[in-house]
There are 2 protein chains.
Amino acid sequence: MYTAKHMKWWGWGNEEVRFNSRAHPGLWPYAKAVLGVEEDIDTPPVPIEAARLREAIRHDGFLSELRLWMRADQICDSRCERLVHAYGKGFRDLFRMRRGMAEGAPDLVLYPENEHDVLRTIRAAVDHDVVVIPFGGGSNIAGCLERTETRRMVVSLDMRRMRRVLAVDTESCTARIEAGVFGPDLEEQLQGYGLTLGHFPDSFLHSTLGGWIATRSAGMQSDKYGKVEDMVMALRMVTPGGILATRIVPKSSNGIDVNHLCIGSEGTLGVITEATMQVHPRSQLRRTHGYLFRDFEAGIEAMHECVRKECVPSMMRLNDPDKTALSMAFKSPSSRFSQAASKVVKGYLRVKGFDFARTCLMLTTFEGSKAGVSRQQSQISAIYRRFGAVDLGPSSGKSFESTKYDFPHIRDFLLDRGITSDVSETSTVWSNLVPLYQATTTALRAAILNSGNDGESGVKPWVGCHISHTYHAGASLYLTFACRQQHGREMQQYLHAKRAVQQSFIDHRATLSHHHAVGTEHLPWLTDDISPVGVMAVAAIKGGLDPGNVMNPGRLRPSTAPFEEWSRAGSEATYPVLAQCSITPKPTSATNSLPLPD
Amino acid sequence: MYTAKHMKWWGWGNEEVRFNSRAHPGLWPYAKAVLGVEEDIDTPPVPIEAARLREAIRHDGFLSELRLWMRADQICDSRCERLVHAYGKGFRDLFRMRRGMAEGAPDLVLYPENEHDVLRTIRAAVDHDVVVIPFGGGSNIAGCLERTETRRMVVSLDMRRMRRVLAVDTESCTARIEAGVFGPDLEEQLQGYGLTLGHFPDSFLHSTLGGWIATRSAGMQSDKYGKVEDMVMALRMVTPGGILATRIVPKSSNGIDVNHLCIGSEGTLGVITEATMQVHPRSQLRRTHGYLFRDFEAGIEAMHECVRKECVPSMMRLNDPDKTALSMAFKSPSSRFSQAASKVVKGYLRVKGFDFARTCLMLTTFEGSKAGVSRQQSQISAIYRRFGAVDLGPSSGKSFESTKYDFPHIRDFLLDRGITSDVSETSTVWSNLVPLYQATTTALRAAILNSGNDGESGVKPWVGCHISHTYHAGASLYLTFACRQQHGREMQQYLHAKRAVQQSFIDHRATLSHHHAVGTEHLPWLTDDISPVGVMAVAAIKGGLDPGNVMNPGRLRPSTAPFEEWSRAGSEATYPVLAQCSITPKPTSATNSLPLPD
């Protein structure tokens with residue numbers, strides 16, 4: 001049976017894929033310059049043998065029941081399996097895993113192959129008071145996957161073997177799909193029908209349909225295809241109370257929409273086993289162009305004008321000046337010809353009065369029939385031109401398309417070099433985008449600079465931003481930040497910065513996340529976001545469907561002192577110090593490899 | 001203070017508005033012919049003095065608390081007020097009210113003027129175990145408003161004084177609006193900003209924002225503006241547990257979307273006091289054309305093709321042959337010129353081989369700038385032509401536009417004449433539209449014909465259908481049915497037909513309602529629609545937010561024998577017989593008027 005591969009236990013991507021820094025020779029010099037790094041160090045993760053797992057809790061009654069319907073290869077308690085399922089890929093997760101701290105690991109990993117497996121597992125879990133954490137691709141960066149339970153046995157329910165497209169209605173453009181399917185596998189299956197889901201999040205290679213739905217994910221082409229919650233027509237979720245199942249209808253007035261109780265439930269109510277999704281005929285053509293705007297505000301105005309004119313391409317992604325500079329630094333080395341062409345463009349821009357310190361790159365993807373793409377491109381280019389844009393043509397678009405799933409690798413590359421980096425994203429209305437951007441980037445830079453100490457730390461902040469995912473009333477704002485680590489207080493530094501950015505979102509009328517979920521990472525802000533009565537309502541559903549609290553406990557339910565718990569990680573001074581050595585690139589250490597089945 | 005007027009206690013529309021049958025001289029002859037009516041009778045509602053209310057339950061502790069913050073004119077217990085708030089406008093409601101059976105009336109009517117009034121009322125209701133039923137315009141036809149409680153005091157919370165647009169963000173196109181505002185009042189206020197909500201349900205004149213949200217309403221132009229749940233950005237709902245409030249953001253990933261717990265909650269969790277809605281610049285131009293298709297299937301194909309081509313006007317409303325015939329019969333008398341023109345059209349259609357028994361009328365509304373309307377109209381007309389359509393021009397569109405809010409009056413007109421009529425609507429995927437239509441119209445005709453007795457009743461069924469509200473994956477199917485009443489078993493007849501149509505929806509993979517809500521009328525099918533675990537989840541939210549069950553009890557929670565309760569109305573042989581007299585039209589009886597404040 002085909003099973004999607006696991007990611008590295010300590011970082012992003014499959015074991016055999018490593019970020020190729022030689023293909024991006026400008027990146028590290030850029031990072032060094034903007035972050036004030038003087039010394040090249042290398043702090044690789046500990047070897048796998050050094051990873052520390054807690055002793056597994058074994059519930060024999062549960063285990064012997066499992067064996068009644070699951071084969072041996074569906075029940076795994078090896079060290080490797082437990083490590084891979086310990087965490088998602090948030091900064092905290094990677095920081096701990098690189099140091100071999102795998103206390104979040106489950107006691108057991110199960111691979112259900114059908115809904116019946118899931119149903120019986122959940123029933124047995126309820127009967128034996130065993131905790132179940134649904135696991136898709138493990139790409140979550142909000143802390144949705146870590147065990148919070150130390151007393152009860154914890155099972156990671158890895159859904160990747162439930163990967164089939166079960167039925168396609170080509171006339172209505174709907175597809176019934178098992179929830180454990182990964183992005184590429186799903187698109188390959190749909191391609192057989194000439195269809196696409198149109199959902200391409202940054203995590204596309206390493207995330208699943210069920211994970212997308214449970215976290216309200218957004219793909220890069222959401223301007224055309226919508227956020228995942230807009231695509232779900234019906235679903236099935238196995239809960240401790242039984243199977244919740246809805247009908248495949250476009251819209252209804254059947255009381256409270258129970259699809260929306262499952263969407264975004266982050267594994268706390270049950271396991272989504274399948275969903276019927278809106279799908280679309282594959283586009284004949286897709287083309288991404290880069291455009292330069294004089295400043296961020298002009299770019300935002302142009303995006304908004306496209307929305308006003310109801311002329312929205314499938315992706316608009318506007319980088320602020322810092323993120324634009326990073327994009328340029330990230331570009332692969334160019335040919336002599338394109339270097340020369342680039343010089344010509346620069347000269348032209350200077351003549352046009354562009355200030356490179358304020359210039360912003362907007363990536364725009366057009367999709368459709370050949371004629372449709374041409375028409376759309378000319379309409380949108382005309383709007384952009386009215387806001388002073390210069391069309392860079394398809395080359396920066398091609399560069400984006402070829403590397404768009406690589407960005408998460410950069411964090412591992414930087415962590416290797418003693419640099420912390422992370423992201424926070426939100427959404428707000430158009431009128432609030434610029435104020436929110438200014439307030440939050442200012443707060444974030446200040447937080448990195450003072451690092452939670454009184455006075456300046458001497459640590460130079462780098463903060464970049466892009467705006468994407470447009471809607472009638474607003475858009476998403478996505479911040480990336482990085483800084484040199486202060487040896488021995490890396491976690492405090494990180495928490496101080498992360499807290500500043502999230503608090504700024506909430507203080508400035510935005511939401512805690514646009515598409516990364518609540519998890520543990522954003523939990524302290526949930527009450528402000530959805531109000532205490534909103535939290536109470538969510539708790540009520542949880543109490544009703546999972547009275548034994550076996551489904552992913554500790555999520556979506558802030559404690560009375562949420563920040564205490566949240567920042568505990570920073571007050572522990574017990575993180576092992578990683579070895580530092582010279583920067584000479586090394587091949588992947590063999591002991592870092594996980595002998596997992598394909 | 002401006003307060004929207006109440007509808008008639010026994011029928012649709014304001015007291016002074018009566019259906020003008022003389023403006024539609026073809027309607028009654030058509031109805032007589034298709035329904036096999038031989039005798040013209042008139043069975044008017046009983047005079048208001050004959051209406052029977054149960055003795056009001058008075059909770060003195062609650063009442064004296066109310067008076068602490070409400071003025072006398074906000075607290076009403078008059079016979080008139082109680083009558084007007086007894087029911088919505090479903091068939092059962094009207095059938096009973098016309099006979100003076102007002103047992104569903106509340107004991108008291110309150111008019112809150114701000115959120116504080118609502119909050120204190122709900123708190124007092126919880127403290128004194130008093131039931132609260134939120135009331136918007138009273139236009140609901142699914143039985144959402146009738147009291148189900150006979151032991152506790154029941155209060156109708158009439159929201160119409162909370163009618164202000166509180167804030168408008170013209171840049172982001174959002175408006176914060178109090179929930180009690182009626183359609184025309186809201187549009188008038190938004191017009192001052194050059195904006196529109198774009199929500200125009202058939203009940204537009206007599207329904208409120210809060211009611212739309214609580215029932216997941218759909219407006220005629222939903223193809224352009226979406227269903228009401230697509231427009232809600234944030235809301236505030238006063239619950240027994242406190243105020244649930246969400247943030248004004250376009251999209252979020254903040255766990256379970258609590259907006260969607262309030263949307264569609266049908267008054268069972270709390271009272272929606274305000275919502276922030278997406279709004280739109282008003283269109284420069286709106287134009288409705290009629291088109292004729294050779295048959296229903298061709299019309300459906302044309303609609304679907306518009307969706308496929310992403311070229312959807314703001315309204316497509318396709319009548320089946322019977323509904324088309326009704327539309328023609330409903331038309332106002334035309335001038336000699338248009339009669340002559342109509343002859344020419346008919347001649348042309350005959351030459352083109354149209355069979356009038358199968359011909360279908362599609363009403364299509366184009367909206368936007370002048371140029372945009374022209375472009376859209378030519379694109380859509382071209383698609384329609386490919387499916388054999390003939391453009392009738394704007395005259396049938398004008399006729400529709402001028403009468404579109406009058407349709408509910410026809411039911412009163414028919415009830416006066418001993419005819420039962422009602423509607424049921426649903427939605428399904430494109431591939432299922434025609435099978436569902438065929439199966440359901442067949443089942444419905446058969447149900448009317450046998451009327452729940454063995455063998456034929458001799459009652460001729462009339463069943464018409466239109467399709468509207470298109471989506472990527474499907475559309476809504478709206479059935480209208482009518483039949484001559486069997487004296488003494490009118491309710492049994494009705495229930496038999498209604499049950500047949502709803503059961504057919506559920507048997508054929510559709511939903512219990514696309515935009516009319518569950519109420520009591522569709523409750524028996526809720527468990528089939530959202531699964532037992534879905535019902536359990538809804539009950540859990542209810543239990544969490546309203547443990548005292550004071551908010552609109554008895555809704556969204558099917559009993560173990562739902563049909564028994566549902567059909568009890570039909571097994572009671574206790575309906576008073578209405579007087580019958582000659583058909584000579586009479587002016588409104590003075591005793592039927594309600595002396596309500598403006």
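This is a predicted model: local features need pLDDT of at least 70, side-chain atom pairs count only at pLDDT 80 or more; totals for chains, interfaces and linings use all residues.
Start with how the two copies are related. Chain A can be laid over chain B by a rotation of 180 degrees, with 0.0 Å of shift along the axis and an RMSD of 0.0 Å. That is the relation of a two-fold axis. Both copies also use the same surface, since 100% of the contact residues of chain A recur in chain B.

Next comes the interface itself. Here 82 residues of chain A touch 82 residues of chain B. The size of an interface is often given as the accessible area lost when the parts come together. For chain A and chain B, the buried area comes to about 6,100 Å², and carbon and sulfur atoms supply 57% of it. On the chain A side, the residues that give up the most area to chain B are Arg247(A), Lys251(A) and Ile256(A), which together make up 13% of what that side buries.

The rule picks out 51 residue pairs in polar contact across chain A and chain B, with both partners at pLDDT 80 or more. Helix α19 of chain A, residues 526-545, provides the largest share of the side that touches chain B, with 14 residues. Sorted by class, that side of chain A holds 35 nonpolar, 30 polar and 17 charged residues.

Side chains of opposite charge can pair when their charged atoms come close. Between chain A and chain B there are six salt bridges. In one salt bridge, Arg216(A) meets Asp257(B), at 3.5 Å from N to O. Over all chains, the count reaches 73 salt bridges. Within chain A, Arg96(A) and Glu146(A) form a salt bridge at 3.1 Å, N to O. Arg96(A) sits in helix α4 (residues 91-98) and Glu146(A) in the loop between β3 (131-135) and β4 (154-158), so this pair ties together parts of chain A that are 50 residues apart in sequence.

Finally, a look at the strands of chain A. Strand β12 (residues 285-293) runs antiparallel to strand β14 (residues 360-368), and nine bridges join them. Along this pairing, Arg286(A) has Glu367(A) in β14(A) as its bridge partner. Strand β12(A) is also joined to strand β15 (residues 390-393) of chain A, again antiparallel, through three bridges. There, Leu292(A) stands opposite Val390(A) of β15(A). In a regular strand the side chains alternate between the two faces of the sheet.

Notes: Residues are numbered from 1 along each chain as its sequence is written. Chains are lettered from A and ligands numbered from 1 in the order in which they are written. Side-chain values use heavy atoms; hydrogens and water are left out. Two strands pair if DSSP finds at least two bridges between them. Helices (H or I, at least four residues) and strands (E, at least two) are DSSP runs, numbered from the N terminus. Contact means heavy atoms within 4.5 Å. Buried area is the accessible area (1.4 Å probe) that two parts lose on being put together, summed over both. A salt bridge is a side-chain nitrogen of Lys or Arg within 4 Å of a carboxyl oxygen of Asp or Glu. A polar contact is a pair of N or O atoms within 3.5 Å; within protein, one must be able to donate a hydrogen and the other to accept it, and residues adjacent in sequence count only if both atoms are side-chain atoms. Ala, Val, Leu, Ile, Met, Phe, Trp, Tyr, Cys and Pro count as nonpolar, Asp, Glu, Lys and Arg as charged, and the others, Gly among them, as polar. Copies are superposed by least squares on the C-alpha atoms of residues with pLDDT of at least 70 in both.
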